[in-house]
Amino acid sequence: MNFKKITKKYKSLNCPTGYYDPTTLPYDRDKYFVICTERSTGKTTNILLYGMCANWIEGDQIIYIRQFEPMIERRNLRTLFSTIKEFGYIEKITEGKYKDIIYQSHSWYYCNYTEEGELLDRSTDPFMICLSCDQSELYKSTLNTPKGNYILYDEFCSKRTRQNEFVDFVDICKTVIRGRVEPIIFMLGNTIDRNCQYFYEMEINDIANSLPLGAHTETITHDGTCIYVDFFSPGMTPQKTQHNKLFFGFKNKKLGAITGKDWSLTVMPHPPIDDTREVLTRRFYLIFEDRVINLELCRSENDGTHVIAHMATKGPYNDSIIFTLGLRLDWRYRYKFGHTKADKLIWTLYERKQFYFASNAVGAIVDKYYQAAKDYRRLY
């Protein structure tokens, strides 16, 4: 890919400043570009524009990926290019040849319409093909994208992530890329979850939990894959501060991705100091996304029976009980919420908000496990 030509084309569009700029990325060094920002920073629009420039200059196709198939239906993508159409970027990119776009069979094409709204002409090849992670098996035998050099996974950082979804995503990348070396992969998300499953799968969880908002860095995985991580923030301008004051001036820390002040944060209850607390058992464990959580069943005069959850430094042991959504390797493993009275007690306490967490991260993991177990039938 000739990034100099693509960048020159992109800059000719004269996109407004203050939004995400894809021309500064180190395309010569990295293959994955993990970009998380607050909402309304223009990251999706500008990454799409850069890909459209790549398509017009080099013939490269954008491979646009979402989690679930309904997300790539026409009704859910109808506003994806609204800004691009409103500012006349299509005509600028195609040098006047096309003025509009059309979505057909999960693919976007350049086109023109008559004054009466009838389709006049359409480009032969789509500039963008839309796929979903939950259909990865289907694509293995049906998808052929020899020009799919520009992969864009939008909204990857989600509160509803399936087990092994990362594997499905990589499987799609493998199907698209085949044996080529040119492709680059963008992963775009909002700053809603520093404990996103993808961060652990990509070996960047430590970076995700320590990199300040507004900073970026590069890293290499254990087996040598180069990743660029960018937590872009345009900063708190006087206009944004005033806008937040008008509409979003609330204490709720879950609004971080909306206000741009920080990541959205769910504050979990931490165990209070209680001299009457006694630990009844430490046998219960939870394994989710390769993380092991110890669930201590406790009792105290103030809180009655409750659970304290923390990252396990030791165990599980031969007599442990292990909740899992994966394989039951031996008798210790209990699928989802288990089946015994003691298992039921643990999750009844969770539903009654009688859980304490050593950290917000631990609370997020337990909550994700619970939601995934509840959603299992719907998602699988």
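What share of the contacts in the chain with a separation of 6 or more comes from residues 24 or more positions apart? I looked this up and got 62%. I note here that the model is predicted.

**Entry: the whole chain**

I counted secondary structure next. The chain has 13 helices and 16 strands. I then checked its extent: the C-alpha trace spans about 75 × 55 × 45 Å along the principal axes. Of the 380 residues, 49% count as buried. The accessible surface comes to about 19,600 Å². Carbon and sulfur atoms hold 49% of that surface. I also looked at charge. There are 51 positive and 47 negative side chains. The centres of the two sets lie 3 Å apart.

**Entry: helix α1**

I turned to α1, which covers residues 3–11. Which of its residues are buried? I found I6, T7, K9 and Y10. Seen down the axis of α1, these buried residues fall within an arc of 160 degrees, so they line one face of the helix. I wrote down the general rule beside this. An α-helix has 3.6 residues a turn, so residues three or four places apart point the same way. On the other side of α1, I found K4, K8 and K11 exposed. Then I asked what covers the buried residues of α1. The cover includes α2 (43–58) and α5 (89–93).

**Entry: S300**

I located S300 in strand β12, residues 291–300. Is S300 buried or exposed? Its relative accessibility is 7%, so S300 counts as buried. I listed its contacts, leaving out residues up to four places away in sequence. S300 touches D274, T276, R277 and H306. With D274 there is also a polar contact, side chain to side chain, at 3.1 Å.

**Entry: backbone details**

I checked the peptide bond from G315 to P316. This bond is cis, with omega near 0 degrees. P316 sits in the loop between β13 (304–311) and β14 (321–324).

I then noted two residues other than glycine with a positive phi, E155 and E203. For E155, phi is near 55 degrees. E155 lies in the loop between β7 (150–154) and α7 (165–177). Its relative accessible area is 30%, so I logged E155 as partly exposed. For E203, phi is near 65 degrees. I found E203 in the loop between α8 (197–201) and α9 (205–210). At 45% relative accessibility, E203 is partly exposed.

Definitions and conventions. Residues are numbered from 1 along each chain as its sequence is written. This is a predicted model: local features need pLDDT of at least 70, side-chain atom pairs count only at pLDDT 80 or more; totals for chains, interfaces and linings use all residues. Side-chain values use heavy atoms; hydrogens and water are left out. Helices (H or I, at least four residues) and strands (E, at least two) are DSSP runs, numbered from the N terminus. Buried means under 20% relative accessible area, exposed over 50%, partly exposed in between (1.4 Å probe, protein chains only). A polar contact is a pair of N or O atoms within 3.5 Å; within protein, one must be able to donate a hydrogen and the other to accept it, and residues adjacent in sequence count only if both atoms are side-chain atoms. Contact means heavy atoms within 4.5 Å. The arc is that of the directions from the helix axis to the C-beta atoms. Accessible areas come from the Shrake-Rupley method with a 1.4 Å probe; for residues, only the protein chains shown count as cover. Lys and Arg count as positive and Asp and Glu as negative; His and the chain ends are not counted. The place of a charge is taken as NZ of Lys, CZ of Arg, CG of Asp or CD of Glu.
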